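Me: Please take a close look at the aromatic rings in this structure, and at what surrounds them. One connected answer will do.

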Amino acid sequence: MITIAVANLKGGVGKTTISFNLTWALSRDRRKKILAVDNDPQGHLTEALLEDPSILTANTFDAYRGKLVFPHAVNKNLHLIGADEMLSQVTDGDIDTIFRLRDSLESIQKENSEYDCAIIDCLPSSSFVQMAGLAAADYVLVPVKASSFDFKGMVGFISNVEKIRKRLNPKLKILGIVLNQCDGRKPIYEKELESALRERYRDLIFKTKLNKRVDFASSPAFHQPIFKYAQNSASAKEFLALLKEILHRIKEEGKNA
């Protein structure tokens with residue numbers, strides 16, 4: 001099972017929207033089974049995947065308590081370990097907390113080995129819960145907005161990822177940085193920040209950018225991925241182009257492993 005954490009220290013960068021659409025896009029392949037993991041006590045990914053979150057039968061909070069979790073079936077190819085405010089009860093202090101999510105996912109895979117990919121939507125903080133998501137992942141996908149505050153936050157986050165890779169999870173790699181919620185008018189400050197990002201991080205930045213549009217931001221609220229919610233839209237075309245890049249990178253990483 002390939003595990004991808006979608007994470008950043010900064011909130012409001014579109015993590016959940018990207019996680020939601022990525023899980024749906026990957027599960028379109030009927031030969032694949034995808035596991036969505038909501039690792040954020042706000043539970044937005046859970047609310048996006050389930051029209052009625054009260055029917056949820058698998059909670060990330062239980063994984064942190066060391067309980068065996070049986071993922072909830074959203075459909076045949078997409079399963080979910082959801083979250084709600086109970087996850088906020090997981091606090092920093094016990095170093096073992098950082099490894100409990102990884103242990104839980106390994107137990108799930110050992111039980112049935114049916115999942116091809118897991119997507120972990122992480123909360124925006126440097127807490128033990130976010131570190132747990134990164135400790136459980138093979139890759140981290142980093143959404144970022146082209147703003148000065150997001151730039152500074154991402155520099156700190158990339159530094160954290162390197163520390164986790166060296167000390168907690170040697171297999172962790174940065175899959176890429178996604179420029180999200182871009183202004184289609186391309187104002188000067190955004191061009192300058194994008195140029196600075198690409199100069200600093202070079203090939204880590206995906207070529208495809210996701211522009212700020214109402215349909216893409218709204219798709220989770222309607223429980224539909226963008227390629228269903230607005231099938232022929234520019235947003236759908238952009239996201240599918242990004243998906244193609246993501247899959248290509250994973251394939252190339254597999255060859256080099």
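Reply: Phe-222 is partly exposed, with a relative accessible area of 49%. Its ring belongs to one of the 2 aromatic pairs found in a search of the whole structure, which is a predicted model.

The pairs can be taken in turn. In one of them, the ring centres of Phe-216 and Phe-239 are 6.0 Å apart; the planes meet at 35°, so this pair counts as tilted. Phe-216 belongs to helix H8 (residues 214-218) and Phe-239 to helix H10 (residues 234-256), so the pair ties together parts 23 residues apart in sequence. Both Phe-216 and Phe-239 are buried.

The partner of Phe-222 is Tyr-229: with ring centres 5.1 Å apart and planes at 20°, under the 30 degrees limit, this pair is stacked. Tyr-229 is partly exposed, and its relative accessible area is 30%.

Charged side chains also meet rings. Arg-28 places its charged end over the ring of Phe-227, 4.5 Å from the ring centre. Arg-249 lies over the face of Phe-206, and there the distance to the ring centre is 4.0 Å.

The nonpolar cores complete the picture. The largest has 49 residues, and Leu-101, Leu-105, Leu-134 and Val-140 touch the most other members. A second, separate core of 35 residues has Phe-20 among its members, along with Leu-80, Cys-117 and Ile-246.

Note on methods: Residues are numbered from 1 along each chain as its sequence is written. This is a predicted model: local features need pLDDT of at least 70, side-chain atom pairs count only at pLDDT 80 or more; totals for chains, interfaces and linings use all residues. Side-chain values use heavy atoms; hydrogens and water are left out. Rings of Phe, Tyr and Trp (its six-membered ring) pair if their centres lie within 6.5 Å; planes under 30 degrees apart count as stacked, over 60 as edge-to-face and the rest as tilted. Helices (H or I, at least four residues) and strands (E, at least two) are DSSP runs, numbered from the N terminus. Buried means under 20% relative accessible area, exposed over 50%, partly exposed in between (1.4 Å probe, protein chains only). A charge sits over a ring if NZ of Lys or CZ of Arg is within 6 Å of the ring centre and within 35 degrees of the ring normal. A nonpolar core is a set of buried Ala, Val, Leu, Ile, Met, Phe, Trp, Tyr and Cys residues joined through side-chain atoms within 4.5 Å.
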